[in-house]
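Q: Hi! Could you walk me through this structure?

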Amino acid sequence: MPEYWDPEIETMPAEDLKKLQEEKLKQLVHYVYERSPFYRKRFDEHGVKPEDIQTLEDIRKLPFTVKQDLRDTYPIGMFCVPNSQLTRFHASSGTTGKPTVVGYTQQDIDEWAESLARAFTSVGMGKDDILQVSYGYGLFTGGLGAHYGCEKLGATVLPTSSGNTERQLELMMDLDVTAIACTPSYFLYMIETARKIGMNIKEETKLKRGFFGAEPWTEELKKRIEDEAGIKAYDIYGTSEMSGPLFTECSAQSGIHIWADKFLVEILDTETGETVPDGERGELVITTLTKEALPLIRYKVKDLTRKLSEPCACGRTHPRIARISGRSDDMIIVRGINVFPGQIESVLMKIPEVGSHFMIIVDRIGPLDSMKVQIEMHGSAFSDKMSDMMALKRKVSGALKSVLNLAVEVELVEHGSLPRSEGKSKKVIDKRKI
Amino acid sequence: MGAGMEDKIIKQISLFAENKPGRLANVANKLKSAGVNIRAFTIAESGDFGIIRMVVDRPDYTHDILHDAGFTVSETSVLGIEMEDVPGSMSRIAEVFGKVKINIDYAYAFITRDQKALLIVRVNDIEKAVKTLQEEGIKLITMKELEKI
């Protein structure tokens, strides 16, 4: 099995990669300035001309773009090619506003698929593998993205999309599926459904790997998934604005490689907008270097992560980012304290008595914010003695308090009563009217 | 476990339930359709949730029915102590346990058709409790007897 999809690019010395990025960035600013009225206006307002960009460091002269820009120019006001050159659209669900539309040329689709083919290769996948794509197919980029990546690799795709879980499990077993791609919450639901129908994913399937993403998840949940399903769980990353799922961890599992010949990564301080030192947490800002239909300049993804600069054991020279620790949009402020759902997940998944589903409910009672976490316990943790149950609640609230520095009410709810998700899961209900 | 110990022990069904309208109906409906007869029943509640404890005619079967229906359920070993339905009976039992330092985790009681009082208890040391009660001549109800009450 080949170690690399494209050895020359993937192991290119860092200095050469930088030079390559610099060349592509210089071409990109001319490309968008000439083709997109949106970018021309934005550059002019910002007082920057394409000629001002001569080195990688000059990127700081460029204005940012954000999701709101895509909404403001809905549907295709930021596109740089005419319709005749488009091959495909995808669109976001628009749960927090107007939907956003993204578009691709044939080359964009090919580059996207190639990104994932590199990533799949980097965890040891090859032509013999069978990937079950349980991401939703359709407007969401997850399904078709993983599908094309897998075909590019030359492996076999089982395009189940999400839903119809028992059927999915049956096919997984009967077709000797070796890998799966879906949201971590959907995979949890699959594990649970398997158990319910008396099937053991660990013992009865050939499943070796899972690629999980499209929603933030934690190292602790990853460990739980690996233990319960007997697989290796890899982070998969990418947003529809960048194309879709594009990157995964490699076999070294020490961060996600961002293909530097295609994307330029900045990690910036959310307050000051300045670059944070490598290893420090900040917000991810992406510049696409090869996209034709919808190139993005300094796009604020709103995902929080760290840049890992030490060389990777796999030999790839492309920069890595740490697991997405949360979205800056997901942060909830409770009594003046910043809380990320991921922090809560980390705490809960380390407590063996606590089940894999939870819900955070924030409310305002009188003048005070209150936070409640609903959990389902594992059947084996149930005791008929009230004192044991109260002790479990205290254990969980104590663990949350020590991490969040915030009093959290813990509520035990019946098994199966918290919502299960087939796509992106909702983990926070904010009832405050602010 | 000593000879005869096993049939002195009653298997109680313990069930986790949220403290919400309709939750008990849910459990009761399952038992009804499974034809399970409840002999004794109590709910311990704590704000958001409760623990339902009950003694039924076919505990293993009931456990499986509820478990398969997705309930969080367990079987717990408890004792069924028969007492005369007169003042002082409860006091005697409590004294016997106190003397040998057996702790009662919880207890509930009801009156049987033949005018006896029956106390269901969970204790911290069930073997010692059985032995002590037998030495004191206090009658323990067996699972078989309970079905006929």
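Here is a chat about the chains, the domains and a helix pair.

A: Happy to! This is a predicted model: local features need pLDDT of at least 70, side-chain atom pairs count only at pLDDT 80 or more, and totals for chains, interfaces and linings use all residues. Residues are numbered from 1 along each chain as its sequence is written, while chains are lettered from A and ligands numbered from 1 in the order in which they are written.

Q: Great. How many helices and strands does chain A have?
A: Chain A has 12 helices and 21 strands. These are DSSP runs, numbered from the N terminus: H or I over at least four residues for helices, E over at least two for strands.

Q: And what box do the C-alpha atoms of chain A fill?
A: Roughly 75 × 55 × 40 Å, taken along the principal axes. The radius of gyration of chain A is 22 Å, which agrees with the value near 22 Å for a compact globule of 434 residues. That radius is taken over C-alpha atoms, and the globule rule is 2.2 Å times the number of residues to the power 0.38.

Q: Switching topic: at what angle do α5 and α6 of chain A cross?
A: The axes of α5 (residues 106-122) and α6 (residues 141-153) of chain A cross at roughly 70° and come within 7 Å. Axes here are lines fitted to C-alpha atoms, for helices over the stretch in contact, with angles from 0 to 180 degrees between N-to-C directions. α5(A) and α6(A) are therefore roughly perpendicular to each other (65 to 115 degrees counts as that).

Q: Which residues meet there?
A: In α5(A), they include A:I109, A:W112 and A:F120, and in α6(A), A:Y148 and A:L153 are among them. Contact means that C-beta atoms, placed from the backbone, lie within 7 Å. By class, this contact has 10 nonpolar, 3 polar and 2 charged residues. Ala, Val, Leu, Ile, Met, Phe, Trp, Tyr, Cys and Pro count as nonpolar, Asp, Glu, Lys and Arg as charged, and the others, Gly among them, as polar.

Q: OK, how many residues of chain A are in contact with chain B?
A: 14 residues of chain A, in contact with 15 of chain B. On the chain A side, α12 (386-404) and β20 (409-413) give two or more residues each.

Q: Which domains does chain B have?
A: Domain 1 (8-76) and domain 2 (80-148); the bounds come from an automatic or database domain assignment. Their centres, taken over C-alpha atoms, are separated by 22 Å.

Q: What about contacts between those domains?
A: In chain B, 12 residues of domain 1 are in contact with 13 of domain 2. β1 (9-18) and β2 (38-46) of chain B each supply at least two residues of the domain 1 side.

Conventions:
Parallel < 35°, antiparallel > 145°, perpendicular 65-115°, else oblique. Contact = placed C-beta atoms within 7 Å.
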